[in-house]
Structures are given as C-alpha cells and as structure tokens.
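Have the viewer open as you read.

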Amino acid sequence: MTEFLFVFGLAIALAWPLGSYLAAVMRGAPMRGDRLFAWVERPLYRLLGVNPAHGMGWKTYAGAFLLSNLILGLLVWLMLMTQQWLPLNPNAVPNMRWDLALHTAVSFLTNTNQQHYSGQAQLSYLAQMSAIVGLQVITPMMGLALVVATLRGLFGGRRQVGKDEAADVGNFWADLIRPTVRLFLPLCLVLSVLLTWQGVPATLDGGPLAKPLDGAAQMSEQKIPLGPVAAMVATKQLGTNGGGWYGPNSAAPLENPTPLSNLLETLAIILLPISVVFMVGSLTGRAKLSALIFGCMLSMSLMSAGIALWSEGHSATSSDSALLEGKEVRFGADASALWAALTTQTSNGSVNAMHDSLAPLTGMVTIANMLVNAIWGGVGCGLQQFLVYLLLSVFLAGLMTGRTPELLGRKIEAPEVKCLAVLILLQPLVVLGFTALTLLLPDLASNSNPGAHAISQVLYEYTSAFANNGSGFEGLGDATYWWNLTCVVALILGRYPALILPLIIAAMLARKRVTPEGPGTLQIETPTFALTLMAIIAILTLLQFMPVLVLGPVADHLQFITR
C-alpha cells in the first residue's frame, strides 16, 4: 500500500510541471532551449522537406501520419526478415518468418509491442536498437501529435476558418519532432542512466558464458544474453510501449534487478500519460476541462488498482499455491498487482509478473482496464479515447435533459454521432468476433488450459491487441499463422480509427458556428457530469462484455474458491 500511494503521489508531482512544459512545446512558442534543440530539429525538417510553420487541415495531417506509418512499417518488416545478414548480430540470430515479422512490425508500429517472439533469442542487436526501439520512440509521439491536433480542432483550429475552409490543426511533422527531441529523448536518457546504475545491462557485447550449477540440466555451459537493455527498458516504460528485451519482460532480473529499478519502471508507466492530462489545461486555457479529465481518470485508476491489490494479496484466492507459478517473488504480491493495474490502465503492457498467473479477479481487472482504454491510456491515445467518451456523454446527456448536445459551443449532430458509433461498435465486433471464432476452432488457439481459463486467455490476447496494450496471458501457442495474422487485423483496427476518427469529428466541429453559453448550456466541468461520464464508460465498455467476463474470469474465480 505504501508503494501504491508513493507511486501515485510522485507521478502527479512530477507530471504537473511536465504537463506545462509539454503544452509550451506543442504550442510551438519561443522557448529558452530553441537554439540548442534547433541543431537536431532543423536537419530533420530539411531531410523531410517540410516547413514546420505550415499548417495542415485534417486530411493532410492524417495523410502524413498514415504515410509515415506505411513507410516505417515496410522498412521494419524487411529488416526483421533479413536480420541474419545484417550487422550487429553477435548471437547469429536467424531471420524471422514473414508472418511473425509482419506481426512484430505492426505491433510496434501501433505502439502495442505485443510479442509473439522472445527478444533475446529471436532479434539481433540491430533489430532491437533500430527497428524496435526506433518505433518505441516515434509511435507514442505520433499518438501525442494526433490528440493535440484533435484538441486544436475542438477549439476551432489555430486560425479562424470559413465555411468551406479546413481548420488548421497544426503541422504533423512539428508536432512529432518537437516533443520527441525536447521531452521524450531527454527523459529516456535520464531513466536509462538510472537503470544502468541499478544493474540493467547496457553493452554491445554478445554476453558471457557460464557453467550451470544444476548438473541435471545436462548443459556444459550457458550463454547469458546481454545487450543495450537499459535504453530499451527506459523507452518502453516512458512511451507506454511495453514489450521487453527478454521474454519474461521486467520479471527478468537483468531487466528489473532491484526494488528501486522496479519503483522507477512502475513510475515511468504513468508519468507521461498523466502529464498529457495536465497539458490540456495549459494548451487550451481550460483548466477546469483538465481537472474534469484528471478527476475521472484518477477515480477509475484508484478503483482499478485497489481491486487488483485486494484480489492479488488479500482475497480468498490470494494464498492458493496454484497461482504462485509465474510470480516474481522478489517484489511481492502488492508490487505485482500495482504494476499489472497500471500497465493495463495505460497501453504499456510490460509486466513484472506473468499475468496468466494472476488471481482470476485480478485478471478480470486487467481485461476491464484494456476494454476501457482511457483510464490513463497511452501517450496521447488514452486522452484521444477519453475525448470519444466525452463527446458521446455530451450527446447522451443532452438527449436526457432535453437540450441540444453542444461541446464548447458547437453542436454535436448526426455526422459526428455516426463516427462515434463506429468507434464504439468496432471494439466488440473485433474482440468478441475473433474470440468466438478462435474458441470455435480450438486447434487454432493451441491453448494450454481447458475450461474457463482458456476463454480468459483468448479474450485477453485479442483485447490486448485491440487496445494496443501488448501484455498477454501466456499459455497460447501464439507464434502461428492464425494468431499472427488475426492479431495484425486487431492491432490495425484498434489503432488507426481510434486516432483518426476523433480528429475528423474535431475538424467537423471546428467549421460550425460557436453558440454563446447561456442558462440552458450543458455544463460539462462539474462533478455531476463527471459521474455521468464514468457511468457511460462503464456501460459502454464493461456491460457489453459482461457475458464473456462471466464465462471466463468470474467462472475461473468460482472454480478456485469451491474446489
């Protein structure tokens, strides 16, 4: 409990100034460090052939985002399929099969980092450092860029627009490069140095050979895989990326060696998502809007983490010996439960204990967090999803009170609601559709567990892919054509519509006339509306999945307590 309170308190204390700084970065206003950062930014703009001061409409902005993703995805896919013949491969790692390489490329391109491979054994140093870590740096900043563009659209754009004129939502390349250079990379550098100090490897050597102590293993020697691990761990934690250099992720002692490293990595999971929430007030000039978002997210976060801590450490199943397999006993149940809650409240997905070994109700909490996907969410992505719930709540609250639904003085009408409906319906169609199909054809799942837990494993995998989280219940033979290709579909559908459709809605609203606020205007920055919004989130995301949650985690829990 002490760590629980300390992590949240420290994260909020650090996120407050970071949010203000991030707002200044995204505004593009003159800053003290301009002369220093220009040495990095200007060559990048020249290389891309873009003018960072040139504004974009939503179509140009979204087009730049999609085109850059397509090019990066193809380059990474090709690199993974040819890594055996490329340099920086001291362990002679072979090429990846095309479907596994495709899944890996799309997974990291969508800021998901879902792994159907074991990093230390199936990726070369070059692939880890350039393809994997490169995407881990770029993709969270892309999510941030899209949500900032959406906020600009909701407030009318950076300049006044005419009836037939597209709103200026910013410059995609400037929105991507400025926070990367001025915030994210410096933070990654600081955290990687701290982790190296704690013993996380940071080397290009192939790793030493050791003689196993247990002769029953019938191995004369064993190679200890090392590498530039600290830099990747820092990037994966701060960018809500997840993934891991080692297969066991941050449960591996080399990736998370000490209680202090565990605290730093836990803190890093939520630091930037909370900073993005604080950024809203400074960026938009609506401090109350930032307070509404922060209050809702913090309330849901504390509730989720509290249930996870109770379930894992103090419930009827917490002492069951069957749940000890896969747990990291160095840190204890509370630290594992807190990490599990925070890594799924965000789209981080890293783990310091195997989620397949969590108590069934803790597992249900992690699935519920990913279904909501807006408690803190990914860097930018979580706030973007929250804005979807906000728009929908304004529409429903307006209907319930007999008022015209308006947000920031602009009416929410049929075109905007249709886009919102697509986003709300897409999740159950993809997640439940693939889950049902996989359970109907059990040979495709290669599942290690029968019964209720098998349902949880399959549901978790597709929920994690669609939520761009990346964590997983192990026990699936997931490096198959079926899992690789179906998860690619879930990854893409979970990422791009959720980022682009809110931008389209914001651009449509920006072209509408602003109605002055009056006595009949729906006030959204109030506790009453906050409760309404959280209730709508629960109804839309949890109740529609209640049947499969009962068949999976709830049934699994009942089996434990009745045996």
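## The second largest cavity

Helix H12 gives the most to the lining of the second largest cavity, putting in four residues. Helices H16 (451–466) and H19 (546–562) also supply at least two residues each. Keep in mind that this is a predicted model.

The space inside comes to about 50 Å³. Among the residues lining this cavity are His 355, Met 364, Phe 473 and Asp 556. By class, the lining splits into seven nonpolar, four polar and one charged.

## The largest cavity

Searching the whole structure turns up four cavities of 30 Å³ or more, and the largest has a volume of about 320 Å³.

## Cysteines

How many disulfides are there? The count is zero. Cys 188 isn't in one, and the nearest cysteine sulfur, in Cys 381, is 16 Å away. That's too far for a bond, because a disulfide needs the two sulfurs within 2.5 Å.

Both residues are tucked away: Cys 188 is buried at 6% relative accessible area, and Cys 381 is buried at 18%.

## His 103

His 103 sits in helix H4 (residues 98–109) and is buried, with a relative accessible area of 0%. Beyond its neighbours within four places in sequence, His 103 is in contact with several residues, including Gln 114, His 116 and Leu 491.

Terms used:
Residues are numbered from 1 along each chain as its sequence is written. This is a predicted model: local features need pLDDT of at least 70, side-chain atom pairs count only at pLDDT 80 or more; totals for chains, interfaces and linings use all residues. Side-chain values use heavy atoms; hydrogens and water are left out. Buried means under 20% relative accessible area, exposed over 50%, partly exposed in between (1.4 Å probe, protein chains only). Contact means heavy atoms within 4.5 Å. On a 1 Å grid over the protein atoms alone, a cavity is a set of points where a 1.4 Å probe fits but cannot get out, and a pocket is an open set with protein on both sides within 12 Å along at least five of seven lines; lining residues have an atom within 4 Å of a point. Grid points are joined across faces, edges and corners, and a volume is the space filled by probe spheres set on the points. Ala, Val, Leu, Ile, Met, Phe, Trp, Tyr, Cys and Pro count as nonpolar, Asp, Glu, Lys and Arg as charged, and the others, Gly among them, as polar.
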